[in-house]
Amino acid sequence: MRLIVTGGAGFIGSAVVRMAVSRGHDVLTVDALTYAACLDNLAPLEGAPNHAFLQADIRDPAAMARAMAGHRPDAVIHLAAESHVDRSIDAPSNFIDTNVQGTFILLEAAREWWDGQGCPETFRFLHVSTDEVFGSLGPGGMFTETTPYDPRSPYSASKAASDHLVRAWFHTYGLPVLIGNCSNNYGPYQFPEKLIPVVILNALAGREIPVYGEGANVRDWLYVEDHADALLCILENGRIGRSYNVGGENEARNIDLVRRICAILDQLRPMPAPHADRITFVADRPGHDARYAIDPSRIREELGWRPSLTLEQGLERTVRWYLDNDSWWRALLGRDGVGRRLGRGR
Ligand SMILES: NC(=O)c1ccc[n+]([C@@H]2O[C@H](COP(=O)([O-])OP(=O)(O)OC[C@H]3O[C@@H](n4cnc5c(N)ncnc54)[C@H](O)[C@@H]3O)[C@@H](O)[C@H]2O)c1
């Protein structure tokens, strides 16, 4: 397939691009290269004849039209977004601009391209969204695809708005769309402002490992390559107009997750005292959702997809990757926001 992947220099986008290219798809990565992007994430593809990179902003209609006409995609996988909840609390307007307005502009560019080709039924617009659109759960229950939207942060509200736009373009214009709503991702190449890389890097530096509140917030964790695999599965086999919840069936409280990472580091990079001794509880974030949990029955039963790794396996792989790739994260340490404000679970 000829694919355009937006946000492909970010954490999940680059995993999707690396996997799609390795499976023989012809990929154009489109990314504005914001603070969260890293071209090194695509370094393994250097010289690949079936990959090209375009620095462009999804909010630029002319650039998106040129990308469509130039690459002639069979499908667009849309991951470009502002993705960090805490940044959305500090500066919500960027989230509305990119996640809502940007998705609108990309949808229009895709629709015009698709229209100009005679509206092929085989075209796909796969929108990558989050379980956070569903709000917060109590101790029981799980999010299904029919759970009402109830976003609570500027980030999740902007993602919910973008999901609504994508569905509207399906119902109104017939654009063949698909949506994936995924739980928390972790793994290699995650920008060190998110919980897991910050825990690893703070522990390695011998710094405090702050955790929000009492660390009781529960998240459902999915290894990033399993998410990339799920997205390609949805793209190839999903039913048009449908959304699919993607989860790892790996629920953990933040504090337990942090302790597991510390235990892995105690084995791989021991210090005189256990790493967990430096866990510090700090004031909670406003509006911190208590629990997310994904019911992945639809993607499992309809598409036969399931995650390949347990949380234990994925965490060990992730910690080893950060230990083996210090030149990747050291190059990012000077960027704004790196290493600050932990424990939100994303
Ligand atoms: N990280 C998670 O746990 C998670 C879970 C579920 C869904 N998602 C969704 O997956 C997608 C990717 O998340 P991520 O964690 O890889 O994010 P990320 O912040 O690592 O990457 C986002 C990428 O989008 C690019 N980008 C931002 N604004 C852009 C613009 N205006 N034009 C073009 N490119 C732009 C950035 O440069 C960056 O490379 C997002 O849509 C996010 O909402 C993330």
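## Positive phi in the loops

Leu-33 lies in the loop between β2 and β3; helices (H or I, at least four residues) and strands (E, at least two) are DSSP runs numbered from the N terminus. Its phi is near 60 degrees, a positive value in a residue other than glycine. Leu-33 is partly exposed, with 14 other C-beta atoms within 10 Å. On this scale a residue is buried if 20 or more other C-beta atoms lie within 10 Å of its own, exposed if 12 or fewer, and partly exposed in between, with C-beta atoms placed from the backbone.

Glu-249 is found in the loop between β10 and β11 (251-253). Phi of Glu-249 is near 55 degrees, again positive in a residue other than glycine. With 18 other C-beta atoms within 10 Å, Glu-249 is partly exposed.

## Model and numbering

This is a predicted model, in which local features need pLDDT of at least 70 and side-chain atom pairs count only at pLDDT 80 or more, while totals for chains, interfaces and linings use all residues. Residues are numbered from 1 along each chain as its sequence is written.

## The sheet

Seven strands form an open sheet with parallel pairing, in the order β3-β2-β1-β4-β5-β6-β10; two strands pair if DSSP finds at least two bridges between them. Axes are lines fitted to C-alpha atoms, for helices over the stretch in contact, and angles run from 0 to 180 degrees between N-to-C directions.

Strand β2 (residues 26-31) pairs with β3 in the parallel sense over five bridges. Val-27 has His-51 in β3 as its bridge partner. Helix α5 (residues 154-173) packs on the sheet, where it touches β5 (124-130) and β6 (177-182); the direction of α5 makes about 155 degrees with that of β5. Contact here means that the C-beta atoms of two residues, placed from the backbone, lie within 7 Å.

## Helix α6

Nine of the eleven residues of helix α6 (residues 195-205) are buried, so α6 is largely enclosed by the rest of the structure. The buried residues are Leu-195, Ile-196, Pro-197, Val-198, Val-199, Ile-200, Leu-201, Asn-202 and Ala-203. Just after α6, Gly-206 takes a positive phi of about 75 degrees.

## Domains and their contact

The protein is divided into domain 1 (2-183 + 224-246) and domain 2 (186-219 + 251-294 + 308-330), with bounds from an automatic or database domain assignment. The C-alpha centres of domain 1 and domain 2 lie 26 Å apart. Their contact takes 25 residues from domain 1 and 19 residues from domain 2.

On the side of domain 1 that touches domain 2, the elements giving two or more residues are α1 (11-22), α3 (85-90), α7 (224-237) and β10. The largest share, three residues, comes from α7. By class, this side of domain 1 has nine nonpolar, nine polar and seven charged residues. Ala, Val, Leu, Ile, Met, Phe, Trp, Tyr, Cys and Pro count as nonpolar, Asp, Glu, Lys and Arg as charged, and the others, Gly among them, as polar.

## Database record

In an unreviewed entry, UniProt lists residues 4-318 as "domain: NAD(P)-binding". UniProt positions are given in the numbering used here, feature names are shortened, and annotations may be inferred rather than shown by experiment. The end C-alpha atoms of residues 4-318 lie 27 Å apart, and the span is 41% helix and 17% strand.
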